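Here is a structure to go through by question and answer. Each answer sets a value beside the rule behind the term.

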Amino acid sequence: MTSAKPDVDKPIAQLSFDIVGGGTAKIGTQKDRWTMLFVYRGRHCPRCKKFLNKLNAALSDWTDIVDVLVVSADTEKKASADKKEFGWAFDLGFGMTEIQMRALGLYVSDPLSEAETTDRFAEPGTFGIRHDGTLMLVDISNGPAARPDLDELLDGMKFNIANDRPTRGTV
């Protein structure tokens, strides 16, 4: 089963995610600031760790302009282990459901073996969400090797926000 492409310049699905350490994060609702949502494959993915370690190293630059939320389908135990092992300071959500994955238009994969993981998981996705809950920017991949360059993305988001740029790809 495939998922439909996300509709940019439209409200993103209203979704909630439990956060490691307690609390809940929501997307698709009115906020004071933009949100960058990063979906990662889970604890089993070394490329995800590399990407998220880069994000964490530049986190203060990101949080100067947007709220940052990272989420996967991992259990709380796996997500907590990653957060502790890598010292990630961003909000880390867990327990993303397949319904939520598909609502975001993400590619969904079955594990290759139990050594990888035991349940379906989302492939990477990045979403820039305006303060009013509309989707301004989306980057989704069907595998772990294709991801946005974080420096370029941050630079572009600073420009988009400061200049109130329109959403592209709406034709």
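Predicted model: local features only at pLDDT ≥ 70, side-chain atom pairs only at ≥ 80, totals over all residues.

Q: Where does Thr134 lie?
A: Thr134 is in the loop between S8 and S9. Strand S8 covers 125–129 and strand S9 covers 135–140.

Q: Why is Thr134 called buried?
A: The relative accessible area of Thr134 is 11%. Buried means under 20%, so Thr134 is buried.

Q: How do you know that there is one cavity of 30 Å³ or more?
A: The count by this rule comes to one. The largest cavity has a volume of about 70 Å³. A cavity is a set of points where a 1.4 Å probe fits but cannot get out.

Q: Which residues are closest to the centre of the largest cavity?
A: They are Val39, Pro124, Gly125, Thr126 and Arg147, out of 15 lining residues. Strand S3 (34–39), H1, S8 and S9 each give two or more residues to this lining. H1 gives the most, with three residues.

Q: What makes up the lining of the largest cavity by class?
A: The lining has ten nonpolar, three polar and two charged residues. Gly counts as polar under the class rule.

Q: What is the volume of the largest pocket, and what makes a space a pocket?
A: About 280 Å³ of space lies in the largest pocket. A pocket is an open set of points, whereas a probe in a cavity cannot get out.

Q: Which residues are closest to the centre of the largest pocket?
A: Of its 13 lining residues, Lys50, Phe51, Lys54, Arg147 and Pro148 are the closest. Helix H1 (46–57) and helix H5 (150–162) are the elements that give two or more residues to the lining. H1 gives the most, with four residues.

Q: What lines the second largest pocket?
A: About 170 Å³ of space lies in the second largest pocket. Lys5, Pro6, Asp7, Val8, Lys10, Val138, Ile140, Gly169 and Thr170 line the second largest pocket.

Q: Why does the lining of the second largest pocket divide into four nonpolar, two polar and three charged residues?
A: Val, Ile and Pro count as nonpolar, and Asp and Lys as charged. Gly is among the others, which count as polar. The division of this lining is therefore four nonpolar, two polar and three charged.

Key:
Residues numbered from 1 in each chain as written. Heavy atoms only, no water. 1 Å grid on protein atoms, 1.4 Å probe; cavity = no way out; pocket = protein on both sides within 12 Å on 5 of 7 lines; lining within 4 Å. Points joined across faces, edges and corners; volume = space filled by probe spheres on them. Buried < 20%, exposed > 50% of the residue type's maximum accessible area, 1.4 Å probe, protein only.
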